[in-house]
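Hi there,

Here is the structure I promised to pass on. Have a look at it first, and then read on for what I found in it.

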Number of protein chains: 2
Amino acid sequence: MSTRDQRRGLIWSERAPGERKPKFTREQIAKVAIEIADAEGFEAVSMRRIADELGAGTMTLYHYVRTKEDLMALMEDELAASILVAPGELPTEWRPALHRIAISSYRAFMRHPWALTSLRGVRVGPNAMRHVEQSFMAVANAPFDQQGKVDALGIVDDYVFGHAIRVAENAEQLDGDDARPMRAMIKFAEQMLATGEFPQIEKFLGPGPRTQAWEKFARFMNDTGRFLRGLDVILDGLEARFTQRPKK
Amino acid sequence: MSTRDQRRGLIWSERAPGERKPKFTREQIAKVAIEIADAEGFEAVSMRRIADELGAGTMTLYHYVRTKEDLMALMEDELAASILVAPGELPTEWRPALHRIAISSYRAFMRHPWALTSLRGVRVGPNAMRHVEQSFMAVANAPFDQQGKVDALGIVDDYVFGHAIRVAENAEQLDGDDARPMRAMIKFAEQMLATGEFPQIEKFLGPGPRTQAWEKFARFMNDTGRFLRGLDVILDGLEARFTQRPKK
DNA sequence: CGCTCTGTTCGTACACCATACGAACAAGCT
DNA sequence: AGCTTGTTCGTATGGTGTACGAACAGAGCG
């Protein structure tokens, strides 16, 4: 190898000749979009806004992405990366492994609540596939048959996703700096209760002035403990299914 | 009562004097919006489109609704009505009752898949409250404490919602008349698999030509049986939680 | 060095969106 | 018949995604 090659890397990591280096990268664009959504909500994410943030013309983005839909797929996969469990940290037992993945997903969703309602899924990117791989890994040693394994993964994923999305929606109202929506909702609920059509709800809330009971209830719904208890119930159910009837 | 009052109904069902009858109703508007979404997808629902369908001017809608957001709340509550179990048909035992409600919700979601991804919730309308009432009714006789009851409802609701939303997203691609998105996804997945980074997924799919294995897999994910099995697992878990440790 | 090629950037234009504003209309009353 | 006011809706504004094609600039070559 001659000296003039010293400062160059392996051929694979070098750009092929004749290929101009673009100013931006897809990852960079996706990250900026996520930052905007985190800071100002998903509806603030527009092609113009992203381009401005990057100091580029709006149409420049369309060189990296065919449609805004594609860009959202990039955002989604970028977030999918953050639900991956660090390699080596995945327990070998199926139950703690599933538990670990579920918590990791839950945390990621809580960090970017807007993603749950705004990014419509099924655009499996590289990181989403890694998540699937990791999930299969989690149940690889589980005493379930093929169908049982997929069922188990599906149930946990569905629960985590469903829970997260409902909590996220709730939190948007609960933690907003504007308390009016919450007040309006309580007022409406009280009106409905006054009709007497809802004895069970009334019984649950108890008698007397329930101005705080409502908010307490809302906070309870968003308690992480509730998520964990539900997760345990589901894992219990999966375990029971196995011990009760090993061969279906 | 004099004869001239004969043809009039009870005072309560009469319009108060001085109140002009509007041409449309909120319910009517919401129903039209839902029809459009069912027929052409949610993105086809615009204020102009709804108004056209009703034979009204666009701005007329704003007399019935403050914003489009409000209109979506109306749509949501209209759909919430369809997940209500007919009164009298709700079993008294908590497990079949929860099962019944879950299935009813699942069916409603399957009928209007777009609603899951497009209508962001927490706008509890009258019908949503009736659903909550019905849910509390379902667990009224269950041997859980207060927290346990709410937990149980939450877990089932979360699972149903999470499952439905993922199936709905899947179905959009699976049942679309355009098979290209599906093919593109398979092609991409195969490329990823070729890297050897996904041994678990490969093991699951098995060797050889898997052109059909993919679609079979997708169909399996959307099988109603999978939903029901998951529901049973969760109800098992809830039941176990009770029999194992009656007092918490 | 300048020329050419082409990948990359982006200005302009269009169709569509939600909706603010205020004018026009008509139903029910006196 | 005239008035009041709830209801309808035309127009206009500022936003959106993106099609089109012109302008720019980096790399290779002579």
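B:Asp223 sits in the loop between α10 (211–221) and α11 of chain B. Please keep in mind that this is a predicted model.

Next, the helix α1(B). This helix runs over residues 26–40, 15 residues in total, and spans 21 Å from its first C-alpha to its last, close to the 21 Å expected at 1.5 Å a residue. Which residues of α1(B) are buried? They are B:Ile29, B:Ala30, B:Ala33, B:Ile34 and B:Ala37. These residues lie on the same side of α1(B), because the arc they cover around the axis is only 135°. Their packing partners are α2 (47–54), α3 (68–82) and α5 (113–118) of chain B. On the other side of α1(B) you will find B:Ala39 and B:Glu40, which are exposed. Just after the helix comes B:Gly41, with a positive phi of about 90°.

B:Ala33 turns up again in the largest nonpolar core, which has 97 residues. Among the residues with the most contacts inside this core are B:Ala33, B:Leu98, B:Ala164 and B:Ile234, along with A:Ala33, A:Ala164 and A:Ile234. If you click on B:Leu98 and set aside its neighbours within four places in sequence, you will see contacts with B:Ala138, B:Val139, B:Val156 and B:Leu235.

Now for how the two chains go together. Chain B superposes on chain A by a rotation of 180° with 0.0 Å of shift along the axis, at an RMSD of 0.0 Å. The two copies are therefore related as by a two-fold rotation axis. Both copies use the same surface, as 100% of the contact residues of chain B recur in chain A.

How many residues does each chain bring to the contact? Chain B gives 42 residues and chain A gives 42 residues. On the side of chain B that touches chain A, α6 (126–138), α7 (146–174), α8 (180–194), α9 (199–205) and α11 (224–244) each supply at least two residues. The most come from α7(B), with 13 residues. Sorted by class, this side of chain B has 22 nonpolar, 10 polar and 10 charged residues.

Conventions. Residues are numbered from 1 along each chain as its sequence is written. Chains are lettered from A and ligands numbered from 1 in the order in which they are written. This is a predicted model: local features need pLDDT of at least 70, side-chain atom pairs count only at pLDDT 80 or more; totals for chains, interfaces and linings use all residues. Copies are superposed by least squares on the C-alpha atoms of residues with pLDDT of at least 70 in both. Two residues are in contact if their C-beta atoms, placed from the backbone, lie within 7 Å. Helices (H or I, at least four residues) and strands (E, at least two) are DSSP runs, numbered from the N terminus. Ala, Val, Leu, Ile, Met, Phe, Trp, Tyr, Cys and Pro count as nonpolar, Asp, Glu, Lys and Arg as charged, and the others, Gly among them, as polar. The expected span of a helix is 1.5 Å times one less than its number of residues. A residue is buried if 20 or more other C-beta atoms lie within 10 Å of its own, exposed if 12 or fewer, and partly exposed in between; C-beta atoms are placed from the backbone. The arc is that of the directions from the helix axis to the C-beta atoms. A nonpolar core is a set of buried Ala, Val, Leu, Ile, Met, Phe, Trp, Tyr and Cys residues joined through C-beta atoms within 7 Å.
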